[in-house]
Amino acid sequence: MTTKFFGEPVRRREDARLIVGQGRYLDDIGPGAYAAAFVRSPYAHARVLDIDVSAAMDVEGLLAIYTYEDLTGPMAEPLPVLIPHPQLTAPRTGYPLVRDVAQHVGEPIVMVVATDRYVAEDAAALIEVSYEELPVVVGVDAAEAAVHTVHDDVPDNIAARHHQETGDVEAALAASAHTLSFTQYFERSASMPMEGKGVHARWDDADSSLRVYSSTQASTSVRAAIAAKLELSLEKVEVIAPDVGGGFGVKIVHPWPEELLVPMAARLLGHEVKWTEDRREHFVSSAHERQQRQEIRVGYDDDGRITALDVLVWHDNGAYTPYGIIVPINTATQLLGPYDIPVYRAVVNSVYTNTVVVTPYRGAGRPQGCFAMERTMDRIAQERGIDRALVRERNLIQPDQFPYDWGLTFQDGRPLVYDSGDYPAMMAKLKTLVDWDGFAERRAAAEARGKLLGIGMAPYVEGTGPGPYEGAHVQVLGSGKVLVSTGLTSQGQGHETVFAQLAAAELGVPLEDVEVTTGDTRRFGYAVGTFASRAAVVSGNAVALAARGVREKALRIAAEVLEADPADLEIDEGLVQVKGTPGASIPLRTVAVLSNPLRYAFDEAARQATQFAGPGDDSKPPVAVGDAPGLEHTDYYSPLRSTFASGAHAVVVEIDPATWEIAIEQYAVVHDCGTIINPMIVEGQVHGGVAQGVGGALYERMAYDRDGQLTNASFMDFLMPYASEVPDVDIDHQSTPSPLNELGIKGAGEAGVIPGSAAIASAIEDAVGRRIAAMPVSPTELYDLVRSDAERVINTSPHDSGAMA
Amino acid sequence: MLGGDPHPVKPAPFSYADPVSVEEALDVLAAEGEGAKVLAGGQSLIPLLSMRLAAPATLVDINRIPGLSGITAGPDGVRVGALVRHAELLASAEAAGVQPLLGRATANVAHPAIRNRGTTVGSIAHADPSGEMTAVLALTGGSVTVATPGGREAVGWGEFFLGPLETSVHGPAVVLDAFFPALPARSGTAFAEIARRKGDYAVCGAGVVVTLDADRRVSSARAAYLSVGLVPEVHDLTDAVIGQPVDSADWTAAGELARGLVDPDGDLHASADYRRLLVATLTARTLADAGAEALTRMEAA
Amino acid sequence: MTDMERTISVVVNGVPREATVPVRWLLSDALRHGFGLTGTHVGCEHGVCGSCTVLVDGQPTRSCLVLAVQMDGHEITTVEGLSRSDHQGGQVLHPIQEAFRECHALQCGFCTPGFLTTIAAGLDARDPSVEITDEEVDELVGGNLCRCTGYANIKKACRHAAATMREGAKVATPAPQDEEATR
Ligand SMILES: Cc1cc2nc3c(=O)[nH]c(=O)nc-3n(C[C@H](O)[C@H](O)[C@H](O)COP(=O)(O)OP(=O)(O)OC[C@H]3O[C@@H](n4cnc5c(N)ncnc54)[C@H](O)[C@@H]3O)c2cc1C
Ligand code: FES
Ligand code: FES
């Protein structure tokens with residue numbers, strides 16, 4: 001492979017259309033489509049007694065109203081449990097439209113289709129639904145208490161008890177020199193992409209086929225789900241993810257009720273139908289994440305080395321479990337971070353509440369895990385009087401311990417084995433970047449200004465690039481254009497650019513010649529989806545493999561023409577040439593033409609490949625046995641197991657004790673995602689992740705009241721940070737390539753968000769000297785905290801503990 | 001229960017009028033009765049329409065009425081017409097010269113794009129106790145001119161604000177302008193607020209005026225707050241600092257006095273106690289700034 | 001005197017257009033679904049995110065907080081209208097559009113049109129020969145939400161575009177004789 005383009009900050013190809021308003025997002029499609037709107041439950045838990053649509057029927061422009069009664073066949077059955085797991089003993093999913101009991105505010109009950117959205121909302125507002133309100137369960141504590149149940153037939157509200165351990169934790173705790181136990185909370189936030197979900201469907205009656213556009217992270221699986229639910233043969237359904245305005249996890253879940261109902265309506269009405277989620281709907285009917293209560297017990301020695309760790313997590317999974325227990329598994333396994341922990345047990349009780357479903361949001365259980373582990377480290381440091389960085393360093397897995405096999409099972413069902421990393425070097429970089437050892441001076445200077453300064457840090461390890469597989473198709477056309485397609489979708493990660501870089505590097509063609517299509521089942525039917533920082537790793541390697549297949553074939557054909565050994569050939573700037581022999585060359589596009597023996601000269605280029613164009617080898621068939629016409633190749637990459645990226649964040653916060661406002665003074669990031677294809681894009685991912693981490697730590701929360709009403713379901717009150725709230729980020733890189741794939745890549749998509757809450761909690765605690773046992777934290781809560789009898793904490797300065805060490 | 005979760009994003013049907021005179025506007029408002037609403041900048045009203053939290057039968061858009069735009073700054077004060085956008089007021093040096101609070105407070109209203117369209121008078125007519133300009137009208141002892149079919153009259157701020165989003169104006173009426181009295185001599189002002197995100201409605205805000213006597217001693221200290229009460233409140237804090245030399249006045253004591261005078265509610269973003277703390281802090285800080293400004297102005301005069 | 005539908009005349013991206021719109025239509029809907037200008041995006045429809053920002057008579061305005069009918073007689077610029085066509089029929093991008101690409105200031109691109117219109121208007125309104133300050137940049141980007149980029153590169157793009165415009169201004173106005181020469 002030529003290294004040109006690989007590792008370069010190549011400018012993004014997708015931008016050309018996006019900066020002039022020529023992107024094609026879901027709501028831009030199908031201007032003539034009918035519009036769908038939904039009547040959604042206003043109650044968190046209620047039995048639907050009656051639906052009276054009579055008043056709505058008079059609305060001019062109304063086309064159809066659907067309730068559960070109108071669903072037939074598989075549509076009348078519960079939505080699929082996407083990722084079954086033996087420990088998910090009581091999985092529950094809803095129906096596309098509520099059958100009899102609504103389990104959260106926002107669950108769809110009636111679908112209205114009308115000429116436009118205004119009219120559809122008019123009709124929806126006139127539909128009268130009568131309810132019998134049922135007792136509501138909100139929050140993990142209420143779910144655990146199980147005074148009331150979410151699902152009648154799940155009396156303890158427990159969907160799953162996820163359990164993993166590496167040894168006898170009770171014995172190890174008993175044998176530990178010191179132990180600590182404590183409980184802490186983590187609140188709900190959400191992916192909250194700027195573009196909500198949306199579905200557009202067109203039914204072709206003559207062809208009995210369906211084309212669906214969905215703002216999804218998993219078009220191939222949406223396709224399969226629609227085919228199954230609408231009882232269509234797979235080849236009669238096409239699903240395309242157009243430009244997607246952000247995903248961050250919420251669009252990996254599928255099929256959303258609307259992804260089935262809109263195609264159903266399009267088919268029944270014989271007309272295009274579209275639904276564009278509005279912001280309020282997104283708040284109350286898409287997914288959230290992150291609420292947990294964590295009960296931690298840890299044993300450690302005099303030096304602060306952990307000897308045993310026991311974690312019991314109560315995880316709020318909302319009303320249903322469509323995405324299985326992926327988030328609990330991530331918390332249980334990724335909690336461990338970069339540390340060498342001899343005996344470990346994790347139990348995660350995943351419980352039902354009458355709230356929106358909980359499915360992965362960027363980080364997917366890892367921020368909570370990191371919070372558990374890192375707060376534990378801080379407590380050990382405080383209890384032993386050791387510098388917090390030093391305690392962490394003493395517990396790190398050392399470079400010579402890789403591959404590090406935990407003896408646990410990861411979220412991909414494969415063994416949890418860290419592939420590579422250099423955690424001590426990473427921590428050293430971080431300490432330098434944030435000047436950890438020089439902090440005392442900064443704190444003193446701030447104190448002189450009447451401000452409280454605090455510092456915190458949190459490293460993490462992130463399993464990225466899980467299987468099962470991704471594939472890619474690469475084809476060189478007679479025009480020289482190179483088509484790359486993969487079934488994997490994009491939501492702004494720059495896949496068009498990154499995959500083009502890989503293909504161009506592999507094939508030795510100019511970047512401009514490469515055209516990438518993602519997430520279109522017409523072009524590539526096999527894919528898993530975009531999640532878990534897997535695109536670059538899994539699809540990236542697949543693209544490289546497919547391009548290599550093309551390259552091999554190209555060299556073989558060119559070798560015949562040039563009468564050379566394929567091993568002596570190279571491709572540069574789209575020209576196949578004999579190394580060191582100028583002039584002995586053939587353009588790749590000509591090779592493409594020759595690769596497809598023709599009878600008909602439909603254009604000038606094609607002439608070269610026709611039957612009488614030149615002398616052939618009469619002893620062989622025009623297309624050799626086992627060969628295929630065309631210069632194209634499809635290949636798949638299926639990783640043995642996940643790769644493990646790592647990183648560490650450090651934060652300095654400044655707190656004004658007269659207002660308890662929390663300002664981030666400095667935010668430092670060291671990250672290691674193996675080999676980098678495009679550093680510009682990777683840094684962009686880190687920036688975005690950090691902003692979400694800061695949002696989750698200081699601003700965002702889903703404020704459900706006791707009745708299960710989401711009281712801040714708007715951008716006015718759900719405080720996603722503006723630029724004014726996001727700090728500048730100092731970034732330092734480290735690269736320990738993954739030995740698991742040839743490119744050495746590890747994923748980078750989620751890294752930036754993982755340690756945010758842990759590091760910020762640590763810094764705030766350091767500044768105010770009070771225990772932070774719940775995140776996020778706002779100024780008003782901080783004010784309450786410092787006036788309460790919350791535990792006082794003192795961190796030893798690096799200087800003191802240096803002496804101790 | 002009618003319908004479901006009741007917050008769609010498209011306005012319910014209404015009819016629309018865009019009169020070109022105040023009289024015509026009043027005619028439409030009178031003819032349409034309770035169901036009619038004035039539309040000014042729309043930055044508060046349109047979101048309410050979209051979420052169907054308001055569903056007036058008729059919207060009376062006053063944007064085409066001539067004579068409602070314009071800022072008149074005179075020695076007595078600043079008159080701000082109903083169609084003056086926040087951005088215009090913010091940019092007006094004349095207005096700031098006569099009453100510096102206008103620019104200072106307006107800078108805290110939302111973000112520039114909202115300020116380009118939203119009107120100062122609209123925000124007063126909207127009577128949101130978390131609005132900056134309601135507090136400033138109160139603090140400066142201002143008034144509004146209200147046109148009704150019966151005529152035009154000036155209504156003082158104390159009479160105008162009745163409760164959150166509620167004014168004394170009922171029935172067909174258009175607020176023509178707001179009048180903010182000039183800053184008195186030997187006085188200084190300051191404005192500060194704390195919002196969760198920059199540009200958000202404040203969790204708490206304070207505007208203050210400090211007046212000195214000829215000996216540079218505090219003769220008056222008054223403050224108005226936003227997001228602490230149901231209507232804009234003005235508190236006289238003079239007692240805490242009366243007669244103290246401005247450069248060593250005990251502003252903290254004034255802040256503490258204010259803390260005891262307010263009775264805020266708690267909500268999602270701030271507890272009542274926290275608001276009291278902010279009242280104390282912001283009061284002390286703004287009074288210090290205002291005192292310093294009063295001194296500077298006095299010395300310059 | 002009152003009605004449910006109106007015909008309005010507007011100049012959109014320099015082109016006079018007429019349309020009959022229901023009076024309750026938001027400008028954002030009229031642009032997207034009436035005029036087919038789908039570059040203007042809708043992220044919240046309650047005025048907070050800024051994705052829908054367009055220029056009304058040159059001023060950044062939330063198109064979800066204005067009724068289309070109110071635009072009669074006004075001039076609207078959307079992201080599609082930020083670039084100008086050159087003499088060869090190509091497109092000349094606004095410096096901020098170039099800068100967004102150059103600085104990787106967009107990821108999913110959904111918020112981008114709102115940022116571009118807002119920043120373009122702000123940059124066009126300032127004296128290009130003066131170096132842009134951090135405060136100006138903060139003000140230009142501060143009222144719009146982006147969930148992808150963390151804003152760092154959007155701010156960078158602002159500075160980049162301002163620098164480009166500064167260069168342009170130097171070329172356009174003959175530079176004052178430099179001190180060396182006058183001395
Ligand atoms: C995201 C966002 C953030 C905001 N942040 C702030 C903030 O921090 N501080 C703040 O103060 N405001 C804020 N606002 C509101 C903004 O300032 C509005 O402009 C203002 O509150 C109302 O002015 P308007 O001209 O838009 O009035 P409209 O929305 O047109 O009207 C509001 C109400 O007042 C009535 N009304 C308006 N003008 C008149 C009149 N002349 N006569 C009679 N009745 C009238 C209307 O009938 C309506 O009931 C924010 C708005 C948004 C969308
Ligand atoms: S869509 Fe208009 S501000 Fe969000
Ligand atoms: S680039 Fe995706 S929201 Fe800004």
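Author: Domain bounds here come from an automatic or database domain assignment. This is a predicted model, in which local features need pLDDT of at least 70, side-chain atom pairs count only at pLDDT 80 or more, and totals for chains, interfaces and linings use all residues. Residues are numbered from 1 along each chain as its sequence is written, and chains are lettered from A and ligands numbered from 1 in the order in which they are written.

Reader: What separates the centres of domain 1 of chain A and domain 2 of chain A?

Author: Taken over C-alpha atoms, the separation is 36 Å. Contact means heavy atoms within 4.5 Å; 29 residues of domain 1 of chain A and 26 residues of domain 2 of chain A take part.

Reader: How much area do domain 1 of chain A and domain 2 of chain A bury between them?

Author: Buried area is the accessible area (1.4 Å probe) that two parts lose on being put together, summed over both. For these two domains of chain A the value is about 2200 Å², with 67% of it on carbon and sulfur atoms.

Reader: Which residues come nearest to ligand 1?

Author: A residue is near a molecule if one of its heavy atoms lies within 4 Å of it. Of the 34 residues around ligand 1, the nearest are Val38(B), Gly42(B), Leu45(B), Thr119(B) and Glu132(B).

Reader: Why is the site of ligand 1 shared between chains?

Author: Because residues from chains A, B and C surround ligand 1.

Reader: Where does an oxygen atom of ligand 1 lie from a polar backbone atom of Gln43(B)?

Author: The distance is 2.8 Å. For Ala110(B), a polar backbone atom is 3.2 Å from an oxygen atom of ligand 1.

Note on methods: Side-chain values use heavy atoms; hydrogens and water are left out. A polar contact is a pair of N or O atoms within 3.5 Å; within protein, one must be able to donate a hydrogen and the other to accept it, and residues adjacent in sequence count only if both atoms are side-chain atoms.
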